Amino acid sequence: MNGTAQNDTVENPDTDTAADAAAQLRTSTAVRARSRQLLERARDGRSPWFTVHDDALGAAADIVVETTRDRYPDGAIPFHSRWRHFEAGGVDRLGSLRKALPPADSPDHTRGLIDVVLVSVLLDAGAGPEWSYREEATGQVLTRSEGLGVASWAAFTAGLFSDDASQPLRVDASGLRAVTVESLGSAFQVSPTNPLTGLEGRVELLRRLGDVLADDPTVFGPDGRPGALFDHLTTDGRRTVTAAEILGAVLTHLGPIWPSDNRIGAIPLGDCWPHRAVTGPGLTAGWIPFHKLSQWLTYSLLEPFLWAGVEVTGIDDLTGLPEYRNGGLVLDTGVLSLRDRDWADVEWEVGDQIVVEWRALTVALLDEIADLVRDRLGTDATEMPLACVLEGGTWAAGRVLAARLRNGLPPLSIRSTGTVF
């Protein structure tokens, strides 16, 4: 059943050509176009894993519309981002943090907001069904994404990621390099009876982030602050940036943090996977990128830029996020069906062909579902960009269905490394 390619590395290509290929794969354009390839193939009946049922798209859109109206009855739908998880339980954590940071008109205010959301996004891979977090200040017990969000928020405010005790409300390279399995596990209340999936992978990711920040002082400054991405993208007083520029900066400057073995030559590709049916020019042939956490981070960086008075354009250039809630939506509504139902009982690896294809089909189908949702709500992409459809939305509807059908578990079981799902 395992469809993983045997060799995930293109051997000894010319360095310049490898760099060009990697650059082509580090775009949301490539994510969308290559996902579309696999959807068209599946519609032609050529997928060995899935069958597409277009007559179920309307039902998928209907549950998204119903969920959106329940969650946002006034129609004021924010962007899908990590900031929504920080609002868990109706607590204004952001308001408290903003009062504690330097004044709002200070660049260090925005840097602090980017610091916390960037680290929190990197810690947002699936927690597993047994883990929970009890917030000391409120007594709330939170699980899954909300629990991870609030736990990472508390760790940040406690100074876990800062090397300067006098400035706890920041993230810096030295602070990240000092994180251990024990310190992060303690912050996230991990114990034998409260296990967190992929704890070691999360720690490795944070430590790699520290190395990358320290190695690139021209972008991240002498202390290696993630928040310095704001300065990098708004040099010379720029007051407008594109979503593609933010994603490009994330992929270019943070790309080396991803521990995936997928690479072209010596260049790591991150959340980009081999699939034998994907076509493309040169060394990009056979590769399909997703950059799920990088795009999730980009969605989550939109608000700090906007709060700082910087206009962000081209938001719909980003794609839907290929993770198990959105992917669960298309399986649980019958838009996709497995060719062999027994595959739902297999534990798959993230690089297996069935998982790669599921993620690709999810990306492409989310665009189609978004159009149907907008039609039903009488709006358009200008008023309701994909970021709002996701929030309204597809992710929440996928969660509702998973809770109803499998006690919250996804329709396919995937072994989590703590760095992809």
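Glutamine 189 lies in the loop between helix 9 (181-187) and helix 10 (199-215). Helices (H or I, at least four residues) and strands (E, at least two) are DSSP runs, numbered from the N terminus. The model is predicted, so local features need pLDDT of at least 70 and side-chain atom pairs count only at pLDDT 80 or more, while totals for chains, interfaces and linings use all residues. Residues are numbered from 1 along each chain as its sequence is written, and side-chain values use heavy atoms, with hydrogens and water left out.

Phi of glutamine 189 is positive, near 60°, although the residue is not a glycine. With a relative accessibility of 31%, glutamine 189 counts as partly exposed. Buried means under 20% relative accessible area, exposed over 50%, and partly exposed in between (1.4 Å probe, protein chains only). Histidine 291 also has a positive phi, of about 50°. This histidine sits in the loop between strand 9 and helix 14. At 4% relative accessibility, histidine 291 counts as buried. Most residues other than glycine have a negative phi, and most peptide bonds are trans. The peptide bond from glycine 392 to glycine 393 is cis, with omega near -10°. Glycine 393 belongs to helix 17 (residues 386-406).

Threonine 284 is placed in the loop between strand 8 (272-274) and strand 9 (287-289). Its relative accessibility is 0%, so threonine 284 counts as buried. Leaving aside residues up to four places away in sequence, threonine 284 touches Ala21, Gln24, Leu25 and Arg34. Contact here means heavy atoms within 4.5 Å. Aspartate 20 is 264 residues from threonine 284 along the chain, and their C-alpha atoms are separated by 9.1 Å.

Helix 7 (residues 144-157) packs with helix 5 (residues 93-100) at an angle of about 15°, with axes 12 Å apart. Axes are lines fitted to C-alpha atoms, for helices over the stretch in contact, and angles run from 0 to 180 degrees between N-to-C directions. Helix 5 and helix 7 are therefore roughly parallel to each other. Angles under 35 degrees count as roughly parallel, over 145 as roughly antiparallel, 65 to 115 as roughly perpendicular and the rest as oblique. The crossing of helix 5 and helix 7 is left-handed. A crossing is left-handed if the near helix is turned anticlockwise from the far one by less than a right angle, and right-handed if clockwise. Helix 5 contributes Arg93, Leu94 and Leu97 to the contact, and helix 7 contributes Val150, Trp153 and Phe156. By class, this contact of helix 5 with helix 7 has five nonpolar, no polar and one charged residues. Ala, Val, Leu, Ile, Met, Phe, Trp, Tyr, Cys and Pro count as nonpolar, Asp, Glu, Lys and Arg as charged, and the others, Gly among them, as polar.

Helix 7 is mostly covered, with twelve of its 14 residues buried. Its span from first C-alpha to last is 20 Å, close to the 20 Å expected at 1.5 Å a residue. The expected span is 1.5 Å times one less than the number of residues. Glycine 159 follows helix 7 and has a positive phi, near 85°. Valine 150 is located in helix 7. At 1% relative accessibility, valine 150 counts as buried. Apart from residues up to four places away in sequence, valine 150 touches His85, Ala88, Arg93, Tyr133, Glu135 and Leu142.

Helix 14 (residues 292-307) packs with helix 6 (residues 107-122) at about 160°, with axes 10 Å apart. Helix 6 and helix 14 are therefore roughly antiparallel to each other. Their crossing is right-handed. Residues in this contact include Leu113 and Val117 of helix 6, and Trp296 and Leu301 of helix 14. By class, the contact of helix 6 with helix 14 has twelve nonpolar, two polar and no charged residues.

Helix 13 (residues 243-254) packs with helix 14 at about 125°, with axes 9 Å apart. Helix 13 and helix 14 are therefore oblique to each other. Helix 13 passes helix 14 in a right-handed crossing. Among the residues that meet are Ile246 and Val250 of helix 13, and Leu297 and Phe305 of helix 14. By class, the contact of helix 13 with helix 14 has ten nonpolar, three polar and no charged residues.
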